[in-house]
Each structure stands twice: as C-alpha cells, then as structure tokens.
Amino acid sequence: MFGFESFDRSGTGSSKWARAGAGRIALGLADMDLPGPPAVGAALAARAGHGAFGYTVCDPGGRRLVADWYRRRHGVEVDPDWVMLLPFGPRTAVRLLLEAAEPRGPVVFGSPEWGGFGPVCRAAGLPYHEVPLLPDADGYRLPLEEFARLRPGAVLVSSPHNPSGRPWRPAEIRALAELAAESGGLLISDEVHGDLVHPDAGARHPVAVAVAGSAGSAAAAQDGPARCTVTLNSVGKTFNTSGIPSCFALVPDGRLRERLGAVMAGYGCWEGGLLEQVVQRAALTEGEEWLEGLLGHLAAARDLAVAALGDAVLARPQASYLLWLDAAALGRRAGLAPGLPPERTREALLTERDVELADGSDFGAAGRGRLRLNYALPLARLRLALTRLTCMDGL
Ligand SMILES: Cc1ncc(COP(=O)(O)O)c(C=O)c1O
C-alpha cells in the first residue's frame, strides 16, 4: 500500500548506496530504503509551489504538535513549553546541548553505543568515558554503578539502544536521570529510534523526561531528575527524512532552554526552519497510518533476517531496524575463509558477497568483532542480501 514492496534509490545521492559502491547491497548506514509518508512529499511539493523561500518564523503551534504526538503515541504529557524545534539533526543537537550545559564532570556513555557521541565530545573538547555495557539475554544492560562512580557532568544514551535495538527499561532511564542529577549533570536521552518500538516488543518506550519526573507538571519539573534530563527526538529516523535535518528537544529546565537558544544564535541558528517545519508538521499530523504500516513491515523484515542469520544474531531487536551481529559467526555462515580475523569480515563480505554492513568498531571498543545490518528495505532485496550472506537459496 505504501510502496514498501519495491523501491529504488539509485540516482538520488543516497550516502548509504554511495558508500557501498556499485553492484553491492547497502545495509550499513541507518536510513531506510523505503518511501516515507506520502503526506511529507505532498507537503514539500505544495510549499515548493510558492516562489519565496525567505527567512521563516518558528510556528509555536509546532510545539503543540509534538506534545500531541507524545500524548497519542506514548501516553505521556509533555508541556509544549519544554519543546524546542531545532533546524538541525540530533548529532548537532547533542553537541550544542553539551555546549549549553557546560558539564563540570566527564561525559559518560556506554560501549557499544551510537558512534556519534565520541566524535561530538572530541570536537567539543570534552573529556569522556566509554563504559562497557553489560551483556544479557536482551542485548545489554546499563552499567549504572560504574556510571555513578564516574560522577558524570553529562550522561548520553541512545534509547532504544543503537546498535542492539533494545528499549531500556523505565527504571534504568530513571536511574540514569537520578545519577546525572546527583552529580549536578545532565542526562541527554537520544530517542530518535523511540517511535520505532516493534508492536510485539512487549515494552513501551520510556520517554526520559516523563519517567524522570512527573511529566506534564511544569512545577514538578523545576526540581529533581526531570530538570536534569533532556529527551531528543526527530522525525528523521521515524519517517525517513534525515536528508532534511531537524529534531526536537524536550527540555524541562527553562534556563537550559534559554542557554541553548543563546548558543544556537551564536552559530546563526534559530528555532524553526522552513522545510524542516513543513516536514515535521506533515509527518506528525498525517504520518501515523504510514507509521503503522512501516512497523508491520519492519517486524516481518526483522523476523526474516533473524531466522536466516541464526547464531550470528546477538540480540533480537525490539525496536528500529538494526541487527547486531557476531562477525565470526556471520563469516562462518557466509562461507568465508576459516580463521579470517573478525575485524576483516566486513571487508570480505563487501568484496566477496557484495553486501555492505556497518563495522562494529564504529560503536566503540566493545563493538570490535561485531557488525550491524540495516533491515529496512523491501523484503525481496533483503532476501537477496541474506542469500548472499548465508549462501542459502529459498529464503
Ligand atoms: C541514536 C542516534 N542518534 C543520532 C543519529 C543521527 O543523527 P544525525 O542525523 O544528526 O547524524 C543516529 C543515526 O544513526 C542515531 O542512531
């Protein structure tokens, strides 16, 4: 119905396919080879029909749309005043939030963890610690005691976790917010995969600003862990619009909102953005039926990939479209030369099987010997990739 059965991005300048190279199937970068909601394209086309594209105000109604989204999709109350509509992607938002927060202790995050946090800290000149996550049956647990021991100035977490697709438990996120608050720091919960929790996960996505305090009550947010917590989200991953970078931050602390606004102004950025707002509005108001269809498609794709890759799968994802794999086990399934070092598996799969995956070491030291596969693509092409990876026909 939404064109998920076959879709071709050739000739569109897709980074993922450019990185993989001609003749290969690109399963590396985290965007989807699936068409986004028709409403987003239609809204962009309608706006493009007007000839002026000058400076644009931030529509305060956009904050209400975000709050409505959280009420409908997550059952939590978000004060529209907390919402900042940012005309850049989540990576930039993390960087500018850290600049605004001026952490007095180290920045702390897990390993493996989304590969953007380390470069952001290095670029900002902030000391940081990558703490190994604790493996468990669902993927990983958060090493809360070790995080606390480091007395962090800021804690960063992808929630749900990229690369394992694990939604953290509400108690874990609350504990992170508390330990950030106890050391006078800030929790930045990067929830860009939070709207993609699989319907069969049996878990609800914990919106950090909600689980850290009593959401919806501005008074309650003035003190305690909620005030030291930021939820970051975007329509980029959910609706496949990352090429038009935008995001929104839920920031209960009014002073932090002010400081972030001032930092942004120093870089010539203000809330809103012309195309960013068009995309956000269309996605949040008209994209839900499409999103339900997408979630059904992703669950089917996940099941196909998990069944085909068997013991190479480290955790069955409960959210998003990323599969975390053991490189050595995958190399065996793919029939690569026995004894090939796991760190050379990615290259061998690229050149010998024409499938491009993400290298686990991009996710920190604990990602060595791991690979990440993006399964958000039409099932026929996913089957072809899995056939190449397993040397098995008839998947
Ligand atoms: C957890 C997380 N945060 C942020 C991003 C991307 O942010 P940006 O589009 O700003 O590079 C990604 C992309 O994979 C991600 O997984």
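Me: Which residue is the bridge partner of Leu323 in S14?

Reply: Leu373 is the bridge partner of Leu323 in S14. The model is predicted: local features need pLDDT of at least 70, side-chain atom pairs count only at pLDDT 80 or more, and totals for chains, interfaces and linings use all residues. Residues are numbered from 1 along each chain as its sequence is written.

Me: Why are S11 and S14 called paired strands?

Reply: Two strands pair if DSSP finds at least two bridges between them. S11 and S14 are joined by 5 bridges, so they meet the criterion. The two strands run antiparallel. Strands are DSSP runs of E with at least two residues, helices are runs of H or I with at least four, and both are numbered from the N terminus.

Me: How do you know which residues join H2 to H11?

Reply: Two residues are in contact if their C-beta atoms, placed from the backbone, lie within 7 Å. On H2 the contact is made by Ala39, Val40, Ala43, Leu44 and Arg47. The residues of H11 are Leu275, Val278, Val279, Arg281, Ala282, Ala283 and Glu286. This contact divides into 9 nonpolar, no polar and 3 charged residues. Here Ala, Val, Leu, Ile, Met, Phe, Trp, Tyr, Cys and Pro count as nonpolar, Asp, Glu, Lys and Arg as charged, and the others, Gly among them, as polar.

Me: What describes the packing of H2 against H11?

Reply: Two packed helices are described by the angle and the distance between their axes. The axes of H2 (residues 38-48) and H11 (residues 274-286) come within 8 Å and cross at roughly 145°. Axes are lines fitted to C-alpha atoms, for helices over the stretch in contact, and angles run from 0 to 180 degrees between N-to-C directions.

Me: Where do the bounds of domain 1 and domain 2 lie?

Reply: The domain assignment gives domain 1 as 15-38 + 288-390 and domain 2 as 61-286; such bounds come from an automatic or database assignment.
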